[in-house]
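User: Hello! I am new to reading protein models. Could we go through this one together, one question at a time?

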Amino acid sequence: MTVVETVARVRAGSGSSVVRLFRHPRLPLVAGLDAERPTVRVWDCGAGRLRELGCVGAESREYGDVEWEKRGRIPAADWHPRQPLLVVAGEDGVRRWTPDGVRDLESVPPGARYHDIAFSPDGGTLWATPSWDGENSAWDSSDVIELASGSVSTGPRWDTGVAEHPAGGLVVTLHSDQGATFGLFARVDDASSPATMRVLRRALVLDVDGYETPVFSTDGRHLAVRGNAYGNSLEVFEFPSLRSVLATTLGDPTPGYPYPQEWLDQMRAWSRQNLAFAAAPGTLWIGTPTGTLVELDVETRHTVEHEVATGSRVTALSATATGELVVATDDGDLLLLSLAAGAPAAIAGSRGADGEPSAAEVAEFLDSTSEVPADGDLEDHLVRTDGRRIWDADEVANATRADETDPTWLQLQAAFNALREQDT
């Protein structure tokens, strides 16, 4: 069992809650998205303290009650992999925060607005989606912005976050559609300029859409995906095998349409940003609507619940670069938690791993697949897995029958294929 100690607590800016946390991968810095307006605040979380350093969008007006308008105004943000530099893409364009203040990011095309952004692992390139010059087909590609020169080239389609494997050399992102979402893996060559995502054929396939950015464990041996648009699903995959080790629902599973109001209320109570891998290998932390944290061993499925902010819903959760947890609550508090192994051990987390990310496992994954041709159609080349079964591109393209035990995405694909056969 892990001993959890609250070492710092502050009010989050204006007192409204934080609904998303962005942690710096190497420095003791964390940023949080305000629940009431498109404002991103920055805190120093080093030396056992939380100290606000500044914010981006302090002058922004509140979201209001129109949900579709709010969704269009929510900013995206990402940290430079080494520098104290946060880039925020919002309704006022793309801006950068450093300890010296906030200013526009000059390298971005004038007037560009992006749904999501991410730094390349070397920090020299900004990946942004959808492509600003794409017009009606904007979501078919992304922008690759070389920060030193400001040159903009075309990158692959992606729409939800980019997570780097802790050992480097590989990233994963999401390519979403209403019927299915692909977890795309991409080789990253830091020697190229600008750095580009070279999408690989091996991919995850998840039912429907609405997932959050995937999260790698600190040792790189597990990958968690939180979603989806129709339920509070949680899936964890082993890496590099992509074997499913956990597939569950937080709270009650969907009762089906039409959705009862009590189920909708429960679904909204669970934060979409409530997962974090801390330093212990194989241990995933989950924030709950009651203010507790669940410590979960993803292989054994053993859980321990910790009282942290009882009575106040967890609205966001993240792990710091040094292994602590940052928890945001519905009361507008931000907590810094220290984690220490306790006895007796309630979590069977020791599997012989040293907790360090392995470049050999990335190399194994890269050797097991190949790149999608730059001019190729993605779905014609992907080898899909849901962690239990594998489908190659031809098998999916030719499927005309599926039963109720097959994934929903495959049932839909088979129905579409059968209709096309009837028309020919």
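**Loops, helices and a cavity**

User: Where is the place of A47?

Analyst: This is a predicted model, in which local features need pLDDT of at least 70, side-chain atom pairs count only at pLDDT 80 or more, and totals for chains, interfaces and linings use all residues. Residues are numbered from 1 along each chain as its sequence is written, and side-chain values use heavy atoms, with hydrogens and water left out. Helices (H or I, at least four residues) and strands (E, at least two) are DSSP runs numbered from the N terminus. A47 sits in the loop between β4 (40–44) and β5 (51–56).

User: Is A47 buried or exposed?

Analyst: Let's set the scale: buried means under 20% relative accessible area, exposed over 50%, and partly exposed in between (1.4 Å probe, protein chains only). A47 has a relative accessible area of 80%, so A47 is exposed.

User: What is phi of A47 near?

Analyst: Most residues other than glycine have a negative phi. A47 is not a glycine, yet its phi is positive, near 55°.

User: V208 has a positive phi too; is V208 buried or exposed?

Analyst: V208 is found in the loop between β17 (197–207) and β18 (215–216). Its phi is about 50°, although V208 is not a glycine. The relative accessibility of V208 is 17%, so V208 counts as buried.

User: What is omega near for the bond from Y257 to P258?

Analyst: P258 lies in the loop between β21 (244–249) and α2 (261–269). The peptide bond from Y257 to P258 is cis, and omega is near 0°.

User: How many Å apart are the end C-alpha atoms of α5?

Analyst: Helix α5 has 16 residues, 408–423.

User: How wide is the arc that the buried residues of α5 cover?

Analyst: The buried residues of α5 are W409, L410, Q413, A414 and N417. They lie on the same side of α5, because their arc (that of the directions from the helix axis to the C-beta atoms) is only 130°.

User: Which exposed residues does the face of α5 turned away from its buried side carry?

Analyst: What covers the buried residues of α5 includes β16 (180–188), β29 (383–385) and α4 (393–398); here contact means heavy atoms within 4.5 Å. The face turned away from that buried side carries the exposed residues Q422 and D423.

User: Which elements do the buried residues of α3 pack against?

Analyst: In helix α3 (residues 359–367), the buried residues are E361, V362, F365 and L366. They fall within an arc of 140° seen down the axis, so they line one face of α3. The face turned away carries the exposed A360 and D367. On the buried side, the residues pack against β15 (170–176), β16 and β17.

User: How wide is the arc for the buried residues of α2?

Analyst: In α2, W263, L264 and M267 are buried. An α-helix has 3.6 residues a turn, so residues three or four places apart point the same way. The three buried residues of α2 are on the same side of the helix, because their arc is only 100°.

User: What volume does the largest cavity have?

Analyst: A cavity is a set of points on a 1 Å grid over the protein atoms alone, where a 1.4 Å probe fits but cannot get out. Grid points are joined across faces, edges and corners, and the volume is the space filled by probe spheres set on the points. The structure holds 1 cavity of 30 Å³ or more. The largest cavity has a volume of about 100 Å³.

User: Which element gives the most to the lining of the largest cavity?

Analyst: Lining residues have an atom within 4 Å of a point, and 13 residues line the largest cavity, with P38, G90, E91, D92 and R95 nearest its centre. The elements giving two or more residues are β7 (86–90) and β8 (93–98). With 3 residues, the element that gives the most is β7.

Technical notes: On a 1 Å grid over the protein atoms alone, a cavity is a set of points where a 1.4 Å probe fits but cannot get out, and a pocket is an open set with protein on both sides within 12 Å along at least five of seven lines; lining residues have an atom within 4 Å of a point. The expected span of a helix is 1.5 Å times one less than its number of residues.
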